[in-house]
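Visitor: I have a model open here and would like to talk through some of its local geometry. Could you take me through it?

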Amino acid sequence: MTNMKAFWMATAAAVGLAGCSTVPAEIGAPVASASQMSEDARVADLLSRMSLERKVAQLIQPQINSFTPEDMRRYRFGSYLNGGNGGPYGDEFAPASEWLRYADEMYLASIAPMEDDEPIIPTIWGTDAVHGHTNVVQATIFPHNIGLGATRDADLIRRIGEVTAVEIEVTGIDWNFSPTVAVARDDRWGRTYESYSEDPAIVAPLGAALVEGLQGRKGDPERLGAGHVIATAKHFFGDGGTEQGVDQGDVNGDIEALKSIHAKPYPATIAAGVETIMASFNSINGRKMHGNEALLTDVLRGELGFDGLVVGDWNGHGQVAGCTNTDCPQSLLAGLDIYMVPDDWKGLLETLVSQVEDGTIPMERLDEAVGRVLRMKMRAGLLDEFVKPSDRPNAGDYSLIGSPDHRAIAREAVAKSQVLLKNNDILPLKAGADVLVAGSAADDIAQAAGGWTLTWQGGGDLTNDNFPGATSIWSGIETAVEAGGGTATLSEDGSYTAKPDVAIVVFGEEPYAEFAGDRKHLGFTDTEGLELLRKFKAEGVPTVAVFLSGRPMWMNRELNAADAFVASWLPGGEGAGIADVLTGAMPATGKLGFSWPAECDFGPVNGAEGALFQVGYGLSFGEGGVLPALHEECAPLTMGAALDWYVNGRLADGVLANTATGKLDNLRGEAGGITAIGLDRNAQEDARTVTFSPGSSLEFAQGGGDSGLGYRIAYQVLERPRGAVTLKVGSGEALDITQELSVAAGKGWREMVITDACVTDLGPSLVFASEGAFEINIGTVLREEFAEGTDCSF
């Protein structure tokens with residue numbers, strides 16, 4: 001390590017302190033080294049010399065978009081993060097060198113001398129490097145976990161962790177919020193692709209392997225040293241078990257049965273030495289995890305023996321009953337150690353200080369949480385010597401970002417993740433074949449990479465130019481086919497002049513992340529791939545379907561139309577791995593980690609009779625892959641709206657709004673405590689912002705209208721309701737939807753489906769009532785026939 005006095009003088013100059021001629025005692029040696037004192041003694045020594053404000057600051061984790069190095073120097077936050085859309089200096093596409101420069105700035109601010117005698121505690125930076133260090137341009141992009149689960153290869157995933165850790169180190173970051181060890185049990189969930197499998201027995205060893213890759217193996221002298229970063233198992237627990245797959249929603253059932261599925265991966269990651277675990281957004285039997293002492297403390301620490309640090313998720317504490325983003329002692333008392341509070345950090349810090357001073361939070365609990373932060377930093381060697389990020393191993397070696405060796409591992413992972421579901425003796429492709437590659441996704445790296453890639457949601461305006469060094473699926477196929485003596489042509493729309501020997505159709509889901517990816521059913525609605533497959537079939541061209549998705553989906557129509565079908569998941573940036581399998585350079589070895597649905601209507605499947613293919617299914621070359629004809633009926637894809645009650649800013653004829661307390665023409669104006677104003681959603685004033693005063697209600701009604709039709713409502717909630725909100729349909733009892741709207745808050749436009757599954761009368765009236773002040777944006781209100789058994793959803 002760097003000579004400490006020389007390092008401090010350089011540090012002082014860098015932060016404008018060159019006039020200091022002496023080195024504060026704390027700098028370079030905040031406490032005696034591990035060889036002189038036990039870990040407990042070192043922690044106790046530090047705590048004894050820290051002020052209340054400095055202790056609380058160790059528990060505050062803001063995001064880089066909302067505070068500055070000057071704020072760091074003033075408050076000395078224990079950690080900070082970059083969000084999915086955050087980058088240094090406000091640039092989410094900043095080069096790796098800027099990430100490292102920013103890490104130095106924040107670090108140096110955190111260790112600048114203070115006027116008092118408090119110990120200096122360096123800050124650490126946490127990031128979501130969930131399939132490689134993919135916030136950073138040029139980083140190696142690995143398949144998402146759903147693809148890695150199909151490999152069943154723990155050694156491969158350990159190597160992926162090692163590569164990811166090294167590329168993180170290049171940018172000076174210390175902490176990775178990964179692995180996700182969710183057990184996704186309803187594939188309608190928008191985070192299904194972050195799960196290795198619906199089977200916890202598959203998830204557990206793979207999650208543990210990634211921990212070992214990121215941190216190093218227990219007992220290894222290099223653990224948490226060079227080539228390693230701090231890992232996080234997430235999200236504890238139940239994130240993959242919410243009702244209807246609603247992100248951040250409710251998980252209900254017998255607690256022991258829930259633990260046997262959703263808590264099962266955690267003992268393996270704890271045994272692997274994971275230093276941090278992230279609390280989940282969801283509730284368990286009505287209680288949010290961020291405030292659930294019985295689970296965060298009694299189960300996680302008592303039953304499972306975890307001695308590390310529990311970090312919160314993005315404002316997750318603010319969802320606890322009685323809490324806000326700036327006021328939530330409940331979370332700390334329940335067992336949370338760090339609040340991830342991206343923007344409201346100052347208010348929360350001040351509130352926590354006051355709550356310790358007035359006894360709401362015992363000092364013993366504060367010291368326990370701060371002690372866990374200090375232990376994590378000690379174990380990572382961050383308190384033994386003060387070395388700025390750019391002087392650490394691998395830092396600034398930008399040749400390591402997306403290096404050929406790293407990309408080779410990603411290519412191997414892509415190949416091993418491909419699952420062959422059907423093969424009518426088409427694959428592997430014959431050498432010398434004339435191959436046509438079709439579909440808009442074929443030459444689109446962003447679509448193959450999915451969410452959490454350069455931007456939070458991924459896709460969008462990203463082009464292949466944003467991925468220097470990466471290989472699209474088309475590019476990989478072209479190179480492999482030509483190397484085998486054949487020809488390859490890219491034709492997105494499937495047109496050609498000379499009939500090809502085979503056509504490869506690449507299609508699938510557009511990128512999404514978290515709640516934006518929640519779905520009401522598993523039917524794949526985009527018909528581009530289907531139309532191309534049917535076109536080639538009619539023209540007598542054999543076809544290979546390459547399906548990109550973050551979950552298994554109902555694909556009966558496409559399976560019928562294709563001669564071979566490959567589930568490619570979200571393979572990332574090394575499309576040549578797909579070509580390796582299609583051409584036979586690599587064998588087809590991938591096995592499903594999720595049940596593949598036979599029906600599109602609902603979920604979950606999880607190995608039930610509704611599975612077309614069970615977990616573990618996956619053909620190898622030469623294995624019989626002929627499927628019988630599959631039915632192609634999917635009610636959610638064919639049932640359209642029966643009545644448009646409110647569309648494009650206009651109420652349908654005969655439909656009135658707020659009839660009980662005064663009329664709102666086209667849902668605009670004021671009546672009975674309701675105010676409705678125009679809102680631009682897709683066009684000028686095609687939606688409304690509706691504000692409820694306490695105790696007011698909004699009614700839609702159509703005298704003598706049709707009964708028996710359900711409701712589909714496009715809506716948006718910006719802030720959680722301040723009082724109970726109910727929904728009354730027809731003559732039935734009012735339905736309390738407060739919790740559902742609270743979960744929807746801040747998540748953009750969503751869809752509410754109301755059927756006879758939750759109301760007793762689907763009559764032609766709909767009444768929203770709010771006990772407190774409340775605001776909701778309404779885009780459409782449709783009355784519609786739903787397939788029998790359709791659940792209500794929000």
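Predicted model: local features only at pLDDT ≥ 70, side-chain atom pairs only at ≥ 80, totals over all residues.

Visitor: What is the peptide bond from Leu-427 to Pro-428 like, cis or trans?

Guide: That bond is cis, with omega near 0°. As background, most peptide bonds are trans.

Visitor: And what about the peptide bond from Lys-234 to His-235, cis or trans?

Guide: The bond from Lys-234 to His-235 is cis, and its omega is near -5°.

Visitor: Where does His-235 lie?

Guide: His-235 belongs to strand 5, which covers residues 232-236. Strand 5 is mostly covered, with five of its five residues buried.

Visitor: Which way do strand 5 and strand 7 pair, parallel or antiparallel?

Guide: Strand 5 pairs with strand 7 (residues 276-279) in the parallel sense, over four bridges. Within that pairing, Phe-236 of strand 5 has Ala-279 of strand 7 opposite.

Visitor: What about phi of Glu-685?

Guide: Glu-685 is not a glycine either, yet its phi is positive, at about 50°. The residue is found in the loop between strand 24 (674-679) and strand 25 (687-692). With a relative accessibility of 32%, Glu-685 counts as partly exposed.

Visitor: On to helix packing. At what angle do helix 7 and helix 8 pack?

Guide: Helix 7 (residues 154-170) and helix 8 pack at an angle of about 35°, and their axes are 7 Å apart. The crossing is right-handed.

Visitor: Which residues make that contact?

Guide: From helix 7 the contact includes Ala-154, Ile-157, Ile-160, Gly-161 and Ala-165, and from helix 8 it includes Pro-205, Leu-206, Ala-209, Leu-210 and Leu-214. By class, the contact of helix 7 with helix 8 has nine nonpolar, three polar and three charged residues.

Visitor: Is Ser-178 buried or exposed, and why?

Guide: Ser-178 is buried, because its relative accessible area is 2%, and the limit for buried is under 20%.

Visitor: What does Ser-178 touch?

Guide: Leaving aside residues up to four places away in sequence, Ser-178 touches Ala-129, Val-130, Leu-210, Leu-214, Ala-231 and Thr-232. Leu-210 and Leu-214 also take part in the contact of helix 8 with helix 7, and Thr-232 is in strand 5.

Visitor: How do helix 2 and helix 14 pack?

Guide: Helix 2 (residues 39-48) and helix 14 (residues 363-379) pack at an angle of about 120°, with their axes 10 Å apart.

Visitor: Which residues of helix 2 meet helix 14?

Guide: They are Glu-39, Asp-40, Arg-42, Val-43, Leu-46 and Leu-47, and among their counterparts in helix 14 are Asp-367, Arg-375 and Arg-379.

Visitor: Finally, what is the order of the open sheet of five strands?

Guide: The order is 22-26-31-28-29, with antiparallel pairing. Strand 22 (655-657) and strand 29 (735-736) stand at the edges with a single partner strand each, so one side of each has no neighbour in the sheet.

Visitor: How many bridges join strand 28 to strand 29?

Guide: Two bridges join strand 28 (residues 725-729) to strand 29, and the two run antiparallel. Thr-726 stands opposite Asp-736 in strand 29.

Conventions: Residues numbered from 1 in each chain as written. Heavy atoms only, no water. Buried < 20%, exposed > 50% of the residue type's maximum accessible area, 1.4 Å probe, protein only. Contact = heavy atoms within 4.5 Å. Pairing = 2+ DSSP bridges. Axes fitted to C-alpha atoms, helices over the stretch in contact; angles between N-to-C directions. Left-handed = near helix turned anticlockwise from the far one by under 90°. Nonpolar A, V, L, I, M, F, W, Y, C, P; charged D, E, K, R; others polar.
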